[in-house]
Amino acid sequence: MKRMLCPGRIGHGFVWAVCMGLVAGAVAQPRYEPRWESLDRRPTPEWFRDAKFGIFIHWGLYSVPGWGVKGQYAEWYWHRMAKKGDNNPWWEYHKRVWGEDFDYAQFAPLFRCEHFDPDEWASFFERSGARYVVPTSKHHDGFCLWPSAEASRTWGRPWNAVDTGPRRDLLGALADAVRKRGLKFGFYYSLYEWFNPLWRSDRARYVNEHMLPQLKDAVLRYRPSLIFSDGEWEMTSGEWRSEEFLAWLFNDSPVGGEVAVNDRWGKETRHKHGGYYTTEYAAGLPGADHPWEENRGMAYSYGWNRMETADDYRSARELILLLCDTVSRGGNLLLNVGPTGDGRIPVIMQQRLLELGEWLRVNGEAIYGTRFAGRAAQWTEGRIPEQKYGDYNLEYKLLEQVGQQPRPDGQAVKQVFFTRKGDTLYAITAGWPGRRLVLRDVEAPSDAEVTMLGVPGRLKANREGRNLVIETPQLGPEEAPCRYAYAFKIRGGRLLPAPAAAR
């Protein structure tokens with residue numbers, strides 16, 4: 001066996017130890033086989049579990065019409081309007097505004113993105129408090145935001161943002177701008193394409209000659225920290241060759257140790273295989289047995305929909321409480337923005353991002369890097385409402401489930417969200433708790449340091465049986481460090497097992 005020598009003479013023992021550690025780390029790095037039994041043993045990278053909050057971006061040719069029936073996804077414009085008929089509102093709109101003979105492909109040269117400023121976008125994302133950004137590299141229409149040779153070749157026409165439209169590598173420009181701000185960059189990728197000629201004629205060739213080479217090209221060009229796969233439901237993971245791709249990604253790509261992946265790799269894989277589990281316009285998952293992420297828009301559509309009004313958008317209060325609720329159960333929130341076809345983030349979306357950022361600048365310590373505390377929340381007295389969990393489109397009326405007092409009909413609400421970091425417990429109240437915050441079934445040392453984030457000084461806190469009672473600071477209307485939710489930090493605090501009769 002050859003002896004490995006490490007250069008340098010600063011502390012021979014230290015250098016040797018470091019070098020041996022590097023060698024051991026390299027040897028210990030596992031290789032994954034192209035089968036789920038092996039791939040599922042790969043842990044989701046810690047950066048993802050620490051980040052908690054990311055930005056989703058749906059932007060493409062569908063952003064030019066920027067229209068959809070309320071309550072539906074505007075990015076499905078082509079698919080919806082292709083079903084021509086008098087009873088189809090999508091087709092009726094397209095025929096009236098763009099003309100019966102106007103083909104979807106004619107949106108490509110109109111997707112000029114003339115106002116796209118990647119540095120401005122990245123500034124808003126950074127100021128929102130997000131830690132990672134995930135734009136659509138391509139959606140189900142197959143149009144790519146980078147110079148994909150496979151796209152134009154398979155479609156038989158210019159079908160990427162460099163060959164037509166803005167004539168610019170949009171994905172690359174955004175990746176550079178985001179990383180300059182210290183944020184992680186990933187991308188969304190649709191496995192299937194509705195009307196791709198090869199997809200419609202020979203799905204095996206589509207996978208082998210189009211999808212896999214294209215996806216690997218995007219990985220090698222942009223070295224993503226995250227891949228959000230989608231459009232998997234038409235075939236099994238075996239037909240998509242997903243296990244082969246993921247084995248290459250983890251073992252041989254330049255991002256093998258960094259990249260986080262989701263669970264959308266075949267029609268049988270959601271919440272079973274892949275990386276972190278995804279939920280979409282749902283309530284997330286009830287606990288932290290497996291890393292997960294809820295993704296949704298600020299209104300309903302992901303792609304920009306000019307038909308949505310201010311009344312359709314979640315308020316800043318709801319988005320902040322949504323983030324707290326999600327993180328308290330061990331999840332991440334991926335919140336979508338839908339830019340316009342000329343490259344602007346709508347002002348109402350900018351405003352929501354800035355309001356989230358203002359709250360996180362005060363309370364981020366109780367969010368970033370935290371873990372499930374053992375119990376997600378403290379409920380008031382009353383009847384706890386049933387909440388269903390699943391991967392897509394489940395009713396989740398958060399604002400009816402939060403507050404400081406039970407609802408008039410006797411329904412209980414969540415008063416406090418819990419998170420933890422090491423030996424520190426955080427209690428985030430849904431609204432101002434009043435003069436005393438009573439945390440039930442919470443243990444803390446008699447001399448525990450208790451503070452409120454954003455307010456200097458320690459707070460008085462006393463144990464009363466199984467409860468910890470905190471005297472909140474006396475603050476005037478203009479003295480509160482934030483709005484809507486308030487974080488209290490308890491060093492050495494921990495949640496006691498709730499009594500069987502307690503909620």
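**View 1. Network of salt bridges linking Asp230, Glu232, Arg264, Arg270 and Glu280.** In this predicted model, local features need pLDDT of at least 70, side-chain atom pairs count only at pLDDT 80 or more, and totals for chains, interfaces and linings use all residues. Residues are numbered from 1 along each chain as its sequence is written, and side-chain values use heavy atoms, with hydrogens and water left out. A salt bridge is a side-chain nitrogen of Lys or Arg within 4 Å of a carboxyl oxygen of Asp or Glu. The count by this rule is 32 salt bridges.

**View 2. Salt bridge between Glu126 and Arg181.** The N to O distance between the two side chains is 2.8 Å. Glu126 belongs to helix H6 (residues 118-127), while Arg181 sits in the loop between helix H8 (170-180) and strand S3 (184-190), so the pair ties together parts that are 55 residues apart in sequence. Helices (H or I, at least four residues) and strands (E, at least two) are DSSP runs, numbered from the N terminus. Glu126 is partly exposed at a relative accessible area of 35%, and Arg181 is partly exposed at 34%. Buried means under 20% relative accessible area, exposed over 50%, and partly exposed in between (1.4 Å probe, protein chains only).

**View 3. Salt bridge between Arg203 and Glu234.** The closest N and O atoms of this pair are 3.7 Å apart. Arg203 is partly exposed, with 34% relative accessibility; Glu234 is partly exposed, with a relative accessible area of 32%.

**View 4. Salt bridge between Glu209 and Arg205 in helix H10.** The side chains meet with an N to O distance of 2.9 Å. Glu209 and Arg205 are separated by about one helical turn, because they are 4 residues apart in helix H10. Glu209 is partly exposed at 40% relative accessibility, and Arg205 is partly exposed at 39%.

View 5. Gly431 is buried, its relative accessible area being 18%. Leaving aside residues up to four places away in sequence, Gly431 touches Gln404, Tyr484, Ala485 and Tyr486. Contact means heavy atoms within 4.5 Å. From C-alpha to C-alpha, Gly431 and Tyr486 are 6.9 Å apart in space, and they are 55 residues apart in sequence.
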